[in-house]
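Here is a short briefing on one protein chain. Please read it with the sequence and the structure side by side.

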Amino acid sequence: MDIYRQSIKKINDFFRINLRDSYCIDKIFAVLNDIIAFESGYIFYVFPEYINLEFSCNNTLSKKEFINLDEVKKQQDINYLNSDLKIDNTTFAHLVITRKTLFNEDEKAIFSTLSEVIASLIRNIELNSIISLQVQAQQESIAELNKAYQTIKKQNKKILKADKIKSNFLANVSHELRTPLNSIIGFSDLLYSDCCGKLNKKQKDYVNDIKISGLHLLGMINEILDMAKIESNSMKMNTSDFDIKLAVDEVLNILRPLALKKNIKLLQDTQSVTITADYVKIQQILFNLLSNAIKFTPENGEIVISVKKDKQNTAISVKDNGIGIDKKEIKKIFKKFEQGTNAKYTNSTGLGLTITRELVKLHGGEITVTSEPNSGSVFIVKIPC
Ligand SMILES: Nc1ncnc2c1ncn2[C@@H]1O[C@H](COP(=O)(O)OP(=O)(O)OP(=O)(O)O)[C@@H](O)[C@H]1O
Ligand SMILES: [Mg+2]
């Protein structure tokens, strides 16, 4: 059988080689050897600056790892066939086979054709290895993402647990503090009213100071307790129908002495309308907004509270002509323990508006504020009817 017919028969063997097999280049050389007998075979890769041996078969040159193409060519009494391996007209390697006997013209022609088949096989081998590297990299990054997700999930659980413990702790501590504080306030009130014997002026002043400080502390503890309740979702709504004017009048009566002290006018424009809401919580909202207005309005100022009900909402507005709030701080004042720079010298916690906003939210409403430094502020609460 002539060499052409034999090589056509054998050429299929190239395509039966599994290109993922780590010995696939040896197998390519073996098929080639079946068609054109040779003693040594080499594939030199062409890099931008140099050409280097990448694969060899029966390398007779030396045991050296790096053999140059020229070294193959320079061997004495050795014949070689050399063909460029190309992808899209670009040579990426040289295929060389050597033997002692001469190669004939037929072998030269077949070698040049086979080198094209081998070039395409090698290109596929390289593509396969790139793809499997990419798949591996993707799998690794998925595994890493998964690991990171698990860690975050675990940490999140811990944070939630810690938060719950903190809320419970605050609720318990606040409760334990409130009980003795109430008796301090109650007994100082009793002493002040002379029911246990007449106090002199100095004693009365001191007892009054005890009561005021006690009330202040109680206010702070109540805020912390409310915040803890809100955070643990245990704040319950207790709705009823009531006249909003009644709630406003009661809060104004409590706060009037404070306003009087600073000679602040407390005006109201409240409709006498029935609303359905939580009476205590609405009073707390009014108390927080009005006490803020008094706190941040200088002497001889003016505060107007107005309540209006339309088809959709009951709108409560508290307007003052006080020191106002810096534009940059408007968002921050609703956050826990955050106060504006205007509150530098006040002795308070910065929880009032956070609680107010949560109480408004519990009613399904919203709170907004507009303010101008040195002109005053308007807080508007809208609660659906
Ligand atoms: N009417 C107002 N005028 C000017 N600034 C205000 C007014 N109301 C609130 N603020 C600003 O918003 C901040 C947050 O108010 P918030 O009621 O939450 O805290 P606080 O009054 O400082 O403390 P707390 O209410 O806990 O006693 C205040 O510290 C103040 O800077
Ligand atoms: Mg406040």
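The protein chain has eight helices and 11 strands. Helices (H or I, at least four residues) and strands (E, at least two) are DSSP runs, numbered from the N terminus. This is a predicted model, in which local features need pLDDT of at least 70 and side-chain atom pairs count only at pLDDT 80 or more, while totals for chains, interfaces and linings use all residues. Residues are numbered from 1 along each chain as its sequence is written, chains are lettered from A and ligands numbered from 1 in the order in which they are written, and side-chain values use heavy atoms, with hydrogens and water left out.

**Overall form**

- The C-alpha trace of the protein chain spans about 135 × 50 × 40 Å along its principal axes.
- The radius of gyration of the protein chain is 45 Å, whereas a compact globule of 385 residues would have one near 21 Å. This radius is taken over C-alpha atoms, and the globule rule is 2.2 Å times the number of residues to the power 0.38.
- The domain assignment gives domain 1 (3-137), domain 2 (156-231) and domain 3 (239-384). Domain bounds come from an automatic or database domain assignment.
- The centres of domain 1 and domain 3, taken over C-alpha atoms, are 87 Å apart.

**Surface and contacts**

- Of the 385 residues in the protein chain, 36% are buried. Buried means under 20% relative accessible area, exposed means over 50%, and partly exposed lies in between (1.4 Å probe, protein chains only).
- Among contacts in the protein chain with a separation of 6 or more, 63% join residues 24 or more positions apart. Contact means heavy atoms within 4.5 Å.

**Helix α1**

- Helix α1 covers residues 3-16, and its end C-alpha atoms are 21 Å apart. That agrees with the 20 Å that its 14 residues should span at 1.5 Å a residue. The expected span is 1.5 Å times one less than the number of residues.
- At Lys 9, α1 bends by about 30°. The bend is the angle between axes fitted to the seven residues ending there and the seven starting there.
- Ile 3, Ser 7 and Phe 14 are the buried residues of α1. Their cover includes α2 (24-35) and α4 (105-192).

**Helix α8**

- Eight of the 11 residues of α8 are buried, so this helix is largely enclosed by the rest of the structure.
- The buried residues are Gly 352, Leu 353, Thr 354, Ile 355, Thr 356, Glu 358, Leu 359 and Val 360.
- These buried residues pack against α5, α7, β10 (366-372) and β11 (376-384).
- Gly 364 follows α8 and has a positive phi, near 80°.

**Lysines in helices**

- Lys 73 sits in helix α3 (residues 69-74). Its relative accessible area is 32%, so Lys 73 is partly exposed.
- Beyond its neighbours within four places in sequence, Lys 73 contacts Tyr 80 and Asn 82.
- Lys 261 belongs to helix α6 (residues 244-261). Its relative accessibility is 69%, so Lys 261 counts as exposed.
- Lys 261 and Glu 299 are 38 residues apart along the chain, and their C-alpha atoms are separated by 8.4 Å.

**Loop residues**

- Asp 194 is in the loop between α4 and α5 (201-231). Its phi is positive, near 60°, in a residue other than glycine. Asp 194 is partly exposed, at 24% relative accessible area.
- Asn 300 is in the loop between α7 (279-295) and β8 (302-309). Although Asn 300 is not a glycine, its phi is positive, about 65°. Asn 300 is exposed, with a relative accessible area of 56%.
- Gln 339 lies in the loop between β9 (313-320) and α8 (352-362). At 26% relative accessibility, Gln 339 is partly exposed.
- Not counting residues up to four places away in sequence, Gln 339 touches Lys 332, Thr 346, Ser 348, Thr 349 and Gly 350.
- Gln 339 and Phe 242 are 33 Å apart, C-alpha to C-alpha, and 97 residues apart in sequence.
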